[in-house]
Amino acid sequence: MKYNFLGKSGLKVSALSYGAWVTFHSQADEEMAYKLMTKAFDEGVNFFDNAEAYADGMAEVIMGKVLKRTQWNRSEYIVSTKIFWGGKGVNQRGLSYKHIIEGTNAALKRLQLEYVDLIYCHRPDIHTPIEETVWAMNQVIKQGKAFYWGTSEWSAEQIRKAYDFAKQEHLIPPLMEQPQYNLFERNKVEKEFAQLYTDIGLGTTIWSPLASGLLTGKYTNGIPKGSRLDLPELEWLKNRLQAQNWEEKIHKVIDLHEVASSIGATLPQLAIAWCLKNPNVSTVITGASKPEQITENMKALNFVDRLDQSIIQKIEKIMNNKPSDVPDWREM
Ligand code: NDP
């Protein structure tokens, strides 16, 4: 395993990490979650991602039980949660001071932890002033309930606003952002945030490196039984993905398969290695419903150096979605 500093912090996070999203509770009960997390940990993963919204809190309950059972030393792993959707009540969602404090307390109880290492604002909240959210996140850290805070799917402008306010008030600024990043979704990480890596030392903990499995090639001939998109409770996800140029993406996946084979990698390994190749990615949060998938995915690290210029060019030709560079007008 390789370990990267999370943004400009002194915290080291494994280049590959593991998240609970729709897997825990829907696909993995406590027993399976134990197998998945211990497999990942044995491979060197030190970061486990969660959110109050996942399975309405049940993903945290399961992760908490697994952590108790493993008896790992608390200093050996990093746990995150994300606050935004804590329930249906008017004050159980969003980024108000009240929900951030109450949501964090409830998450810690479910996780059976004294603190999470990382806490995220799961989405931007257009109804709450960013200043209120920055104060609340600082309060959480001051109370020792989290060590670092960050955002997920915020715009560069929102992140910068939070950062500037925190700096002005001598508060702790957001450290990391959790955006989707994979061969199909590139704009935020490669273009929108480009200035933030150097300007504020932003780290990224990227999600869905396999686009929920689409980039494994498993959906090329329909939806296999037992896969994520076959689950009745995840029909919303299937509908959402299938509404986004599904057929075109399947064709690209078929072409990517040949590139993967040419370097002796599987398709998931190629897709994950491609994310790892980006120096602004601090950690790639992988998902897996079976321990064998973890074994396969962790080997992606071995292929990062195999993605040389000629392979990258082949990938770019297939994907045809490279965000345009910020123009350097001096060169015009
Ligand atoms: P992926 O895009 O990697 O999808 C994971 C799924 O792909 C697995 O559950 C499995 O599905 C399938 N898969 C994985 N590896 C293989 C393999 N080797 N062979 C075949 N199938 C494979 O990641 P996720 O979408 O799960 O996202 C990762 C994590 O990111 C989440 O758990 C969560 O922690 C975080 N996240 C954060 C979000 C945010 O808003 N901040 C949003 C979404 C995720 P199956 O076996 O069931 O078919």
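**Figure 1. Strands β3 and β10 in the predicted model.** Serine 17 stands opposite isoleucine 285 in β10. The two elements involved, strand β3 (residues 16-19) and β10, pair in the parallel sense over three bridges. Two strands count as paired if DSSP finds at least two bridges between them. Helices (H or I, at least four residues) and strands (E, at least two) are DSSP runs, numbered from the N terminus. From β10, Thr283 and Ile285 point one way, while Val284 and Thr286 point the other way, and all are buried. Buried means under 20% relative accessible area, exposed means over 50%, and partly exposed lies in between (1.4 Å probe, protein chains only). This is a predicted model, in which local features need pLDDT of at least 70 and side-chain atom pairs count only at pLDDT 80 or more, whereas totals for chains, interfaces and linings use all residues. Residues are numbered from 1 along each chain as its sequence is written, and side-chain values use heavy atoms, with hydrogens and water left out.

Figure 2. Strand β10 (residues 283-286) pairs with β9 in the parallel sense over two bridges. In this pairing, threonine 205 stands opposite threonine 283 in β10. Strand β8 (residues 176-177) also pairs with β9 in the parallel sense, over two bridges. Here methionine 176 stands opposite glycine 203 in β9.

**Figure 3. Surroundings of the ligand.** The ligand is surrounded by 33 residues, and the closest are Gln27, Asp49, Ser208, Lys218 and Ser289. A residue is near a molecule or strand if one of its heavy atoms lies within 4 Å of it. β10 and α11 (291-298) each supply at least two residues of the shell around the ligand. The largest share of this shell, three residues, comes from α11.

Figure 4. A polar backbone atom of alanine 20 is 3.3 Å from an oxygen atom of the ligand. A nitrogen atom of the ligand lies 2.9 Å from a polar side-chain atom of glutamine 178. For serine 289, a polar side-chain atom lies 2.6 Å from an oxygen atom of the ligand. Taken alone the ligand exposes 910 Å², and the protein buries 97% of that. Accessible areas come from the Shrake-Rupley method with a 1.4 Å probe; for residues, only the protein chains shown count as cover.

**Figure 5. Aromatic rings.** Eleven aromatic pairs are found in a search of the whole structure. Tyrosine 18 and phenylalanine 24 form a tilted pair, at 6.1 Å centre to centre and with 50° between the planes. Rings of Phe, Tyr and Trp (its six-membered ring) pair if their centres lie within 6.5 Å; planes under 30 degrees apart count as stacked, over 60 as edge-to-face and the rest as tilted. Tyrosine 18 is buried, with a relative accessible area of 0%, and phenylalanine 24 also counts as buried, at 0% relative accessibility. Elsewhere, Phe41, Phe48, Trp72 and Tyr77 are linked into a cluster by ring pairs.

**Figure 6. Charged ends over rings.** Arginine 69 has its charged end over the ring of tyrosine 34, 3.8 Å from the ring centre. The charged end of lysine 249 sits over the ring of phenylalanine 184, 5.1 Å from its centre. A charge sits over a ring if NZ of Lys or CZ of Arg is within 6 Å of the ring centre and within 35 degrees of the ring normal.

Figure 7. Arginine 186 lies in the loop between β8 and α6 (187-192). This arginine is buried, with a relative accessible area of 4%. Its side chain makes a polar contact with the side chain of asparagine 321 (2.7 Å). A polar contact is a pair of N or O atoms within 3.5 Å; within protein, one must be able to donate a hydrogen and the other to accept it, and residues adjacent in sequence count only if both atoms are side-chain atoms. Serine 324 lies in the segment after α12 (309-319) and counts as partly exposed, at 48% relative accessibility. The side chain of lysine 191 makes a polar contact with the side chain of serine 324 (2.8 Å).
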